[in-house]
Amino acid sequence: MLDPNLIADQPDVVRAHLARRHADEGMLADLERIVALSERRKELIAERDGLRAERNSLSKEIGALYKAGRRDEAEAMKEKVSHGNVRTKIIEEELDTVENHRRELILGLPNLLHDAVPEGKGESENVVVRTWGEPLLTEGEGEAHVEVGQALGILDFERAAKLTGARFAVLKGLGARLERALINYFLDQHTGEHGYTEVLTPYIVHRNIAEGTGQLPKFATDMFKLSEPLNGEDAYLIPTAELPVTNLHRDEIIDAQELPIRYACFSPCFRSEAGSAGRDVRGLIRVHQFHKVELVWVAHPDEAEKHHQELLGHAETMLQRLGLAYRVVELCGGDVSFAAHRCFDLEVWLPSQGYREISSVSHFSDFQARRMGLRYRPAPVDGKKQKPRPAHTLNGSGLAVGRTIVAILENFQQPDGSVVIPEVLRPYMGGVDRLVPPEA
C-alpha cells in the first residue's frame, strides 16, 4: 500500500502517478476521499489529544482543590473531565471508523511508478528493450502446440474436460516427463548457479496473505476462494507462489546485512481468468491450473533496482539455454500491474502467435512490504540504532512451465512430426532427445 502520510501531505504526487497509469475517475475520486479522511483524522486526533491533555491538567488541579477544601470547585472540574471523557470516547469511535475507511480506500490505490517507466496507455505502447535469438520458424509456419501435442499423444484436452471442464489439460507419457524435467531444471539452475534458496510452501493462503501482495481486495474475481473457512479464516488457492513466498517474512524486522533474501519456489497456480477469451483459451496458454517456478527477492531499497536487472537476467538465462528466441519488453504506465513499481515482460517467440509473455519480472518498491509489515533495520549510524523501514520486494517467473512447453513444441517441431528436446533438458528426460509421434 502507499504511505498514508505521502497521500495526506503530497496528494499531487499521487495524482500525477495515477495520471501516468491512466486511472479512471473512480480511482481519482477515491484519492480525494482519502485526502478528506486524512484531514478529518488529523482534526479528530488534535481534539482527542487536547481533551487528554486537559484531563491530565484538571486531574492535578482537582486533587489540589480537594486538599484546599474547595470541594464545589473540585466537583465542577470532575464534571468537566467526565464530559471530556465522553467526548473522547465518541472521537475514538469516529477515529476508528475514519481509519478503517481510509485504509480500505488506500488498499485500492496502485503503486507509484518508477521514473523510468515509459508513458503509454496500454500494451501496444510497451517498449521493446532488446531481443535475443532468431526464430527457428516464421509466424504461421508449422502447427500450433495443440495439434503438435495431440499428434505426439502427450496432450489430452478431451479427457481433462471430463474431469473438470474446459481449460484444463492432461499431460501423458513424455509430455508429463517434460513438465517435470522443466521444473527440476529451473529449480536446479536457480538454486545452484543463481544462489536462490528453494522453498516449498502451502498452495492455500488466508485472505491477509493475498492482501499483503496486492491480489486482494482488487482482484478477488481472479482467485478461487474456498467455500468454507480454513482454520477460522477466509482462504484462497494461490494464483502464484508470489503470495506465500513474499509473505514468509511478514511482520518481521530483518537486519540490513541479511539482505537480499532470495527464494525459488515451484508451485501449481490456480486462476479463474475471469474475462479472458479468444485465442488464449485454447490449449495451454491461459488455463485454470498451471505450474510455475517463482523467484522472489526481499531487498534493500538502495539496491532494489540493480537486483531487478539481476532477476531479469536469471529468467532470461533459462530461455537462452533452452534455445528459445525472446524479447524483453518494458511495460508502459498504463500497462504496469496494480502492485508493481516497474515491470519487464519476457516474451517468447511462438510461431502460431508471435511473441507471448512467459515471465513478468517486477519491482514492487515498498508497496507490498507496507501491506504485510515487512521491514528491515538499517545499519547503525555513529553507533546509534536506526528505526526499521519497509523493505523492497521483487519477483518474476523463472519460468512458467506450461508456456515453456508450448514454446518447445512449436519452435522445435520437425517436418516428420517429431519435436527436438533442448539439449539441457535431455539428462532430465532420461536421455530422450526428441518426442516422436506414436505411429513413427
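Residues count as partly exposed when their relative accessible area falls between the buried limit of under 20% and the exposed limit of over 50%. Q309 has a relative accessibility of 36%, so this residue is partly exposed. The model discussed here is predicted. Q309 belongs to helix α10, which covers residues 304-322. Its C-alpha atom is separated by 9.8 Å from that of S362. Along the chain, Q309 and S362 are 53 residues apart.

The overall architecture is considered next. The protein chain contains 12 helices and 17 strands. Its C-alpha trace spans about 110 × 55 × 40 Å along the principal axes. The chain has 440 residues, and 48% of them count as buried. Contacts between residues at least 6 apart in sequence were also examined. Of these contacts, 74% join residues at least 24 apart.

Helix α2 comprises residues 11-20, and helix α3 comprises residues 25-67. The two helices pack with their axes 11 Å apart, at an angle of about 170°. This angle is over 145°, the limit for the antiparallel class, so α2 runs roughly antiparallel to α3. On the α2 side, the contact is made by P11, V14, R15 and L18. On the α3 side, M27, L28, L31, E32 and V35 take part. By class, the residues of this contact divide into seven nonpolar, two charged and no polar.

Burial within α2 was examined as well. The buried residues of this helix are P11, V14, H17, L18 and R20.

H22 sits in the loop between α2 and α3. Its phi is near 60°, a positive value in a residue other than glycine. Most residues other than glycine have a negative phi, and most peptide bonds are trans. With a relative accessibility of 40%, H22 counts as partly exposed. D251 likewise has a phi near 60°, and this residue too is not glycine. D251 lies in the loop between α9 (242-246) and β7. Its relative accessible area is 60%, so D251 is exposed.

Cis peptide bonds were found at two of the sites described here. The bond from L259 to P260 is cis, with omega near 0°. P260 is placed in the loop between β7 (253-255) and β8 (261-270). The bond from G398 to L399 is also cis, with omega near 15°. Here the site is in a strand: L399 lies in β15, residues 392-400.

The search finds seven aromatic pairs. One of them joins W132 and Y326. W132 lies in strand β1 (residues 127-132), whereas Y326 lies in strand β10 (residues 326-330). The pair therefore ties together parts that are 194 residues apart in sequence. The two partners differ in accessibility. W132 is partly exposed, at 32% relative accessibility. Y326 is buried, with a relative accessible area of 1%.

A tilted pair is formed by Y185 and F186. The ring centres of Y185 and F186 are 6.2 Å apart, with the planes at 50°. Both Y185 and F186 are buried. Together with Y428, these residues form one aromatic cluster. A charged side chain also meets a ring elsewhere in the chain. R262 lies over the face of Y196, at 5.1 Å from the ring centre.

Terms used: Residues are numbered from 1 along each chain as its sequence is written. This is a predicted model: local features need pLDDT of at least 70, side-chain atom pairs count only at pLDDT 80 or more; totals for chains, interfaces and linings use all residues. Side-chain values use heavy atoms; hydrogens and water are left out. Rings of Phe, Tyr and Trp (its six-membered ring) pair if their centres lie within 6.5 Å; planes under 30 degrees apart count as stacked, over 60 as edge-to-face and the rest as tilted. Helices (H or I, at least four residues) and strands (E, at least two) are DSSP runs, numbered from the N terminus. Buried means under 20% relative accessible area, exposed over 50%, partly exposed in between (1.4 Å probe, protein chains only). A charge sits over a ring if NZ of Lys or CZ of Arg is within 6 Å of the ring centre and within 35 degrees of the ring normal. Axes are lines fitted to C-alpha atoms, for helices over the stretch in contact, and angles run from 0 to 180 degrees between N-to-C directions. Angles under 35 degrees count as roughly parallel, over 145 as roughly antiparallel, 65 to 115 as roughly perpendicular and the rest as oblique. Contact means heavy atoms within 4.5 Å. Ala, Val, Leu, Ile, Met, Phe, Trp, Tyr, Cys and Pro count as nonpolar, Asp, Glu, Lys and Arg as charged, and the others, Gly among them, as polar.
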